[in-house]
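Please take a moment with the sequence and the model below before reading on. The paragraphs that come after them are meant to be read with the structure in view.

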Amino acid sequence: MESSKEFWNVDKNAGNLLQALIFTHHPKHILEIGTSNGYSAILMAKIAQQYGGHITTIEYFEKRIALAQENIAQAGLSDLITVLQGDALEVLSRFSPSYEGELEGVLESKATPTPASAGTPPYPGGRNMRFDFFFIDANKKQYAQYLEHCLRLANPGAIIVADNTISHRNKLADFFAALENNKNIQFLELEIGAGLVIAQAK
Ligand SMILES: C[S@@+](CC[C@H](N)C(=O)[O-])C[C@H]1O[C@@H](n2cnc3c(N)ncnc32)[C@H](O)[C@@H]1O
C-alpha cells in the first residue's frame, strides 16, 4: 500500500520513522487518532505483529472506516487493529486509565459507539485503558486536547508522535504551548514529511 495524498496519509519517511520507533520500543498498546484509510495503522501493525502489539485507531468518517477495514483485512491484520468509529474527543473521553485489564478483550466492540447521552459504555467490559504509544493525526485544531487525553492515558515512558506540526503550525499554537509549559514532557520536532513532534512523558 502506498502513501496517498488523497487520504492524507503520513509521508513515506515519517511512516518509516513511526515503524522505527515501534521496532525499537515495542509498545504493546498503540493508540492512533485519525485512521483515514488505514495506511499508518497498517504500517505500525506490520511491526507490532512481530512482538504481539495491538493498535486501536479512531476515525469518524464512515466511508474511510469501511476502506480502512478493507485495507486492513487485505493486509491480514484485522486481529491486530481495532477501528473505533466516532468523534475522537468523544471516544477518548470514554477511556479510563484505571482499567487495568487486557485491551483486546475489552475492545471487542467494533460497532458505532452509542452516544454519551445514552449512558451506556460503548466498550463491553469496561472502558480502557492505558497506552504505550500514541499517534496523533486527526483534527489539527484539537491536538492540544488530544495531548491531554494521551497524557491521561499514558503508561510511564509512553511516546506520543504528532504529524503535520510544520505544515499546520498555524493551528497548533496551543498544542506547542501545552508541550512547552509541561515540565514533565520532553519533546523534539523533526523536519520529516509534514513535520513530526516526538514527545515523551518523563
Ligand atoms: C491526516 S488523516 C489520517 C491519516 C492516517 N493517520 C494515515 O497516515 O494513514 C486524518 C483523519 O482524521 C479524521 N478526523 C478528523 N477529525 C476527526 C475527529 N474529530 N474525530 C475522528 N476522526 C477525525 C479524518 O476524517 C481523516 O481521515
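The model is predicted, and its protein chain holds 7 helices and 7 strands, which follow one another from the N terminus in the order α-β-α-β-α-β-α-α-β-α-β-α-β-β. Of the 202 residues in the protein chain, 41% are buried. When contacts between residues at least 6 apart in sequence are considered, 73% of them join residues at least 24 apart.

The strands towards the end of that order can be taken together, with strand 7 (residues 196–201) as the link. Strand 7 runs antiparallel to strand 5 (residues 154–163), to which 5 bridges join it, and within this pairing Ile 160 has Ala 199 of strand 7 as its bridge partner. Strand 7 is also joined to strand 6 (residues 185–190), again in an antiparallel arrangement, by 6 bridges, and here Leu 190 stands opposite Leu 196 of strand 7. Strand 6 and strand 7 form a hairpin in which 5 residues lie between the two strands, and Gly 193 in the turn has a positive phi of about 55°.

Two helices can be examined next. Helix 6 (residues 143–153) packs with helix 7 (residues 173–180) at an angle of about 35°, the axes being 7 Å apart. Helix 6 contributes Tyr 143, Ala 144 and Leu 147 to the contact, while helix 7 contributes Asp 174, Phe 175 and Ala 178. By class, the residues of this contact comprise 5 nonpolar, no polar and 1 charged.

Apart from neighbours within four places in sequence, the residues in contact with Ala 48 are Ile 22, Ile 30, Gly 53, His 54, Ile 55 and Leu 80. The C-alpha atom of Ala 48 is separated by 9.2 Å from that of His 29, a residue 19 positions away along the chain.

Methods
Residues are numbered from 1 along each chain as its sequence is written. This is a predicted model: local features need pLDDT of at least 70, side-chain atom pairs count only at pLDDT 80 or more; totals for chains, interfaces and linings use all residues. Axes are lines fitted to C-alpha atoms, for helices over the stretch in contact, and angles run from 0 to 180 degrees between N-to-C directions. Helices (H or I, at least four residues) and strands (E, at least two) are DSSP runs, numbered from the N terminus. Two residues are in contact if their C-beta atoms, placed from the backbone, lie within 7 Å. Ala, Val, Leu, Ile, Met, Phe, Trp, Tyr, Cys and Pro count as nonpolar, Asp, Glu, Lys and Arg as charged, and the others, Gly among them, as polar. Two strands pair if DSSP finds at least two bridges between them. A residue is buried if 20 or more other C-beta atoms lie within 10 Å of its own, exposed if 12 or fewer, and partly exposed in between; C-beta atoms are placed from the backbone.
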